[in-house]
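Me: I'm new to reading protein models. Could you walk me through this one, feature by feature?

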Amino acid sequence: MTERKKITKKVRRSGKYASNDARMVRIRTESHGLGIFKTLIVFLAIAVQLAFLAFLYIRFLMAFRWYMIVSLALSLISCLHVLSSRRNGQSKAVWILFLLVGFTVGYIIYYLSDVRVFFGRAKKRYARIYSETEKYKAEKSQAECDKSTELISNYLESAGGFGVCDGTDLNYFPSGAGFFDDVLDRIEQAKKFVFIEYFIIADGVLLNRFLEALERKAAAGIDVRMIYDDLGSNRTLRRKTKKRIVGAGIKLTAFNRITPRFTVAMNFRDHRKIVVVDGETAYTGGSNLADEYVNEKRMYGYWKDTGIRLDGKAVDAFTLMFLRQWEYITKEKQDYEAHLRMYLPTENRSAVVPYADGLDYKEPIGKGVYETMIASARERIWIMTPYFVPDDTITDMLAEKARSGVDVRLILPEIADKPYVYVVSRDNAERLIPAGVKIYTMDNSFVHSKLLLTESNVAVGSINMDLRSFYQQFECAVFTNDGKVVGQVESDFVLTFGDCTLLDGGGKYKLIKRILAGVLRIFAPLM
């Protein structure tokens, strides 16, 4: 198949948003001058603060030379604390290196960056909200589970209190365009409320279509709310658009607003993708509310993304996720009862477990689900992810599974959106080839899907296979053994394999790339 035919095929699969022109056009997302100015002001303010702290620090060292000795001792003690902590192995290595190299100030930053210090009050507020809303969890279900499904469901119940739901129909979308077409059609039918939560909301064709529909619904008295991440949408959502949204009667709020103040808390973002309509239908997946996700703009070749729709009992879990986050951000008490138990149950007995992740939970739940699915797989493990920067636990498990005869395959992008992350992702993946893992890159494309498929289970959502998603972001996903969805995801993988190149681990400048990846891997926890 020629390259032109391949590209045309991808354009057809992307949905009605895709351009009819088969040529690959590289267009970067439009940046708005005000957003750039705001970002520069924030960075400048933080730089001034850091420079002032550095000045005070140098003056302090000159006045108190004995501080060097004390600092070294405290840094060594901090290293022991790192080794005994529950941090992942890569984070431990980074912190120990930082503490030893910057021993005069490293231990101060180490303790100030502790979640209990800068996120302590927030965790208490989350704990209160969760405690007060615990009674709204899903009731015990009669879902049909095999051994592996039961194992993963038990983990989700134990780690985060996420119950198994039956009575839910699901439908999988292999493209962002098809996904958002369905979301918009469902919003047009809304009669009670529409809840939207996205990491990125960006001005463009897609958002205009959403706002036209949402404005009509808000004018009809329907409760329409939107949450966006302030960093994710910083340069994409104009002030003018925000005024339009609020002026239409739509409630709009931002998670973790950007402030010109140096704080480690700015590193933690709301990466969730949620749409809930009337408490009857919910959506999640990898796509953000921006044109590139439907291939209206071509930033990095064809943009491959996925999503899933839920109708029935499991919708309540997403309604609860959204309302809890809304109450946390706005500090306004919510009437949960008025928005729950509105679903129309179905006859489907498949197990469905919507779940969330973030600093509001004690365990890295997204990572735990991936690990448990990998451990329980007996026939296949197929993964689609934009970034592959996990810790050694997951890479070792994948290698062991491949050596034991399990069909382990990983699809990555061919075109990188973040070159420094891509170098590490490719290196991590290619290191698994000698163990028998098959590594693919999707031709002329950026893969943004977040999928893990075994012989009987699938996880679909917003969770990347990297340390940032595992430890530093608020995420969400759906785990299910639904036969229809498993078949749809399998078909999508098979079609995508046909658009991919199978890597052999060779290529030019292999040694140089490996050295570069080794250096960049030091910063893996921040990627």
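Me: Among contacts in the protein chain between residues at least 6 apart in sequence, what percentage join residues at least 24 apart?

Reply: A contact means heavy atoms within 4.5 Å. Here 82% of those contacts join residues at least 24 apart. Before we go on, some ground rules: this is a predicted model, where local features need pLDDT of at least 70, side-chain atom pairs count only at pLDDT 80 or more, and totals for chains, interfaces and linings use all residues. Residues are numbered from 1 along each chain as its sequence is written, and side-chain values use heavy atoms, with hydrogens and water left out.

Me: What does the protein chain average in pLDDT?

Reply: pLDDT is the predictor's confidence in each residue, from 0 to 100. The chain averages 86, and 84% of the residues score at least 70. Over residues 1–31, though, the pLDDT is below 50, and this stretch has 69 contacts in the model beyond near neighbours in sequence.

Me: How many helices and strands does the protein chain have?

Reply: Helices (H or I, at least four residues) and strands (E, at least two) are DSSP runs, numbered from the N terminus. This chain has 18 helices and 20 strands.

Me: What share of the residues is buried?

Reply: Buried means under 20% relative accessible area, exposed over 50%, and partly exposed in between (1.4 Å probe, protein chains only). Of the 527 residues here, 58% are buried.

Me: Which residues have the most contacts inside the largest nonpolar core?

Reply: A nonpolar core is a set of buried Ala, Val, Leu, Ile, Met, Phe, Trp, Tyr and Cys residues joined through side-chain atoms within 4.5 Å. The largest one has 97 residues, and those with the most contacts inside it include Leu 156, Tyr 355 and Phe 493. Helix H12 (residues 315–330) gives the most to this core, with nine residues. Apart from it lies another core of 32 residues, with Leu 184 and Tyr 198 among them. Back to Leu 156: not counting residues up to four places away in sequence, Leu 156 touches several residues, including Phe 162, Tyr 355 and Phe 479.

Me: Which residues have side chains that meet in a salt bridge with a 2.4 Å distance, N to O?

Reply: Side chains of opposite charge can pair when their charged atoms come close. The rule for a salt bridge is a side-chain nitrogen of Lys or Arg within 4 Å of a carboxyl oxygen of Asp or Glu. By this rule there are 27 salt bridges. The 2.4 Å pair is Glu 188 and Arg 216. This pair links distant parts of the chain, with Glu 188 in helix H9 (residues 176–188) and Arg 216 in helix H10 (residues 205–219), 28 residues apart. Glu 188 is partly exposed at 38% relative accessibility, and Arg 216 is partly exposed at 47%.

Me: Where do Arg 426 and Glu 430 sit?

Reply: They're in helix H15 (residues 419–430), and because they are four residues apart, about one helical turn separates them. Arg 426 is partly exposed, at 23%, whereas Glu 430 is buried, at 13%.

Me: Is Asn 295 buried or exposed?

Reply: Asn 295 is buried, with a relative accessible area of 3%. You'll find Asn 295 in the loop between strand E7 (281–285) and strand E8 (302–304). Its phi is near 60°, a positive value in a residue other than glycine.
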